[in-house]
Amino acid sequence: MEPAGVRFVFGVLHQIMEMAEAHDVIAKNPCNPILVTLPKAPEKRERVLNVEQAATVLEKAPGFLKLPIFMALVLGLRRGEIAGLRWSDLDRPKRTLQIRRQID
């Protein structure tokens with residue numbers, strides 16, 4: 001099992017044992033983090049495309065996806081934010097775009 005999976009399972013088990021201890025089902029929580037050595041949490045890496053990679057993604061995208069992909073790459077919008085956009089969110093005179101909703 002991956003370290004993240006082990007840490008997740010331990011967290012759930014720790015909470016269960018904590019509740020059992022609180023309700024006097026057990027005397028002491030055996031899942032005390034002080035007593036257990038967990039695998040190190042994996043580092044979260046941000047994936048950032050360089051200009052050439054972004055251009056390649058746009059070039060290979062189907063036509064109907066080019067604008068949403070462009071908005072994600074250039075504006076940093078998430079998929080749900082892009083899906084929630086309406087024309088009323090765009091203010092052309094001020095050249096602004098407001099993110100008012102997102103769709104899951």
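Leaving aside neighbours within four places in sequence, cysteine 31 is in contact (heavy atoms within 4.5 Å) with Phe10, Leu13, His14 and Met17. The model is a predicted one, in which local features need pLDDT of at least 70 and side-chain atom pairs count only at pLDDT 80 or more, while totals for chains, interfaces and linings use all residues. Residues are numbered from 1 along each chain as its sequence is written, and side-chain values use heavy atoms, with hydrogens and water left out.

Cysteine 31 lies in the loop between helix H1 (3-22) and helix H2 (51-60), where helices (H or I, at least four residues) and strands (E, at least two) are DSSP runs numbered from the N terminus. With a relative accessible area of 8%, cysteine 31 is buried; buried means under 20% relative accessible area, exposed over 50%, and partly exposed in between, with a 1.4 Å probe and protein chains only. Between cysteine 31 and valine 12, which are 19 residues apart in sequence, the C-alpha to C-alpha distance is 10.0 Å.

The buried residues of H1 are Phe10, His14 and Ala20. Viewed down the axis of H1, these buried residues fall within an arc of 120 degrees, so they line one face of the helix, the arc being that of the directions from the helix axis to the C-beta atoms. The face of H1 turned away from this buried side carries the exposed residues Phe8, Gln15, Met19 and Ala22. The end C-alpha atoms of H1 are 28 Å apart, in agreement with the 28 Å that its 20 residues should span at 1.5 Å a residue, the expected span being 1.5 Å times one less than the number of residues. Aspartate 24, which follows H1, has a positive phi, near 60 degrees.

For H3, whose 13 residues should span 18 Å at 1.5 Å a residue, the end C-alpha atoms are 19 Å apart, which agrees. Just after H3, glycine 76 takes a positive phi of about 75 degrees; glycine 76 is exposed, with a relative accessible area of 54%, and, not counting residues up to four places away in sequence, touches Met71 and Glu81.

Helix H3 (residues 63-75) also contributes the largest share, 5 residues, of a nonpolar patch. The members of this surface patch, among them Leu49, Phe70, Trp87 and Leu97, have about 1000 Å² of accessible area together; patches are made of residues with over 30% relative accessible area and no salt bridge, like charges being joined within 9 Å and nonpolar side chains (Val, Leu, Ile, Met, Phe, Trp, Tyr) within 5 Å. A salt bridge is a side-chain nitrogen of Lys or Arg within 4 Å of a carboxyl oxygen of Asp or Glu, and accessible areas come from the Shrake-Rupley method with a 1.4 Å probe, only the protein chains shown counting as cover for residues.
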